[in-house]
Amino acid sequence: MDTPRNVYKVTTQHPGSDVAAETAAALAAASIVFKSSDPSYSNKLLQTAKKVFDFADKHRGSYSDSLNSVVCPFYCSYSGYHDELLWGASWIHRASGDSLYLDYIKSNGHTMGSDDDSYSFSWDDKRPGTKILLSKDFFDKKVGEFQPFKADSDNYICSLIPGTSSFQAQYTPGGLFYKGSESNLQYVTTSAFLLLTYAKYLNLNGGVTTCGGSTITVENLVSHAKKQVDYILGDNPSKMSYMVGFGEKYPQHVHHRGSSLPSIHSHPSRISCNDGFQYLNSGSPNPNVLVGAVVGGPDSRDNFSDDRNNYQQSEPATYINAPFVGALAYFSAKS
């Protein structure tokens with residue numbers, strides 16, 4: 001199927017601090033992965049991360065301000081770009097130990113959202129993830145200035161745990177964390193990943209945190225995250241796995257072009273863009289099983305509409321899958 005897509009870029013005149021800083025964070029994180037196995041490549045990644053971050057910081061602005069009509073309303077940068085700048089600086093500091101980035105975090109943290117208690121870690125909002133990342137510096141190196149990040153991390157964690165004085169999350173009757181009607185599983189997978197990450201940090205530093213008068217243990221965090229993971233994989237009222245191809249029952253009408261169109265082997269002739277809509281609107285199961293993809297998931301009452309046109313529930317996304325891989329890796333290593 002022919003699907004022409006325009007390619008866009010950020011420039012000094014049309015900035016995109018959020019996407020550039022996110023790129024810098026990814027490069028810095030990757031440099032940590034390759035540090036021992038390929039030091040040369042690791043260093044290249046880190047130096048590139050610094051250059052990209054410098055560009056993001058010097059030429060400030062949100063990408064959606066430059067590309068509004070193209071990305072809005074679905075992918076506007078609703079949280080702005082400050083959270084991404086802090087995210088990028090935090091990862092470069094973690095990867096390099098460069099005091100320049102430590103100073104940047106100390107100087108800019110308050111103006112870039114470190115004082116805000118944001119309770120959703122997502123493709124758009126990096127604040128909870130940044131705070132948990134920086135809390136590790138407080139745990140490991142006793143950097144006093146990072147104590148507020150540890151306190152904010154506690155607030156985030158406590159907001160998810162029922163029964164604590166700080167609890168404010170919503171759950172479905174079946175026990176699924178519920179944040180929003182569109183692609184809700186992105187919030188489930190990110191919160192599970194952060195719970196497990198923070199559990200690892202706590203495990204090396206006393207093993208407990210407090211939520212008002214409640215003591216929360218590593219086991220509490222791991223158990224809570226596991227319930228969310230198990231729900232996604234089929235332990236839910238519908239007995240439906242929301243990972244395509246996993247289990248006996250999973251979504252059959254995934255909102256995904258490549259999965260819903262016939263393969264070139266069964267349909268060698270060209271399929272135009274307009275002709276593709278017959279497959280979108282077809283009641284037939286997707287001919288190509290998108291194994292491993294996690295879809296948007298059920299609504300606030302645990303109901304799921306297996307319908308391609310209901311993209312809010314049936315569309316998979318990398319921002320749903322990526323943190324889920326981290327959670328699965330944790331449990332796989334433990335087992």
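**Exercise 1.** In this predicted model, work out which handedness the disulfide of C158 and C211 has, starting from the torsion about the S-S bond.

*Solution.* Begin with the bond itself: C158 and C211 are joined by a disulfide, with an S to S distance of 1.8 Å. Next, take the torsion about that S-S bond, which is about -85°, so the disulfide is left-handed. Then place the two ends: C158 sits in helix α8 (residues 147–160) and C211 in strand β3 (residues 208–211). They are 53 residues apart, so this pair links distant parts of the chain. Finally, look at accessibility: both C158 and C211 are buried.

**Exercise 2.** Find how many disulfides the whole structure holds, and what pattern they follow.

*Solution.* A search of the whole structure turns up 2 disulfides. Now count the bonded cysteines along the chain, and the pattern reads 1-2, 3-4.

**Exercise 3.** Classify C76 and C273 as buried, partly exposed or exposed.

*Solution.* Take C76 to begin with: buried means under 20% relative accessible area, and C76 has 12% relative accessibility, so C76 counts as buried. Turn to C273: its relative accessible area is 33%, so C273 is partly exposed.

**Exercise 4.** Describe the largest cavity by its volume and its lining.

*Solution.* Start with the search, which finds 3 cavities of 30 Å³ or more. The largest cavity holds about 60 Å³ of space. Residues lining this cavity include V244, Y250, H253, N286 and L290.

Definitions and conventions: Residues numbered from 1 in each chain as written. Predicted model: local features only at pLDDT ≥ 70, side-chain atom pairs only at ≥ 80, totals over all residues. Heavy atoms only, no water. Disulfide = S-S within 2.5 Å. Buried < 20%, exposed > 50% of the residue type's maximum accessible area, 1.4 Å probe, protein only. Helix = DSSP H or I, 4+ residues; strand = E, 2+ residues; numbered from the N terminus. 1 Å grid on protein atoms, 1.4 Å probe; cavity = no way out; pocket = protein on both sides within 12 Å on 5 of 7 lines; lining within 4 Å. Points joined across faces, edges and corners; volume = space filled by probe spheres on them. Nonpolar A, V, L, I, M, F, W, Y, C, P; charged D, E, K, R; others polar.
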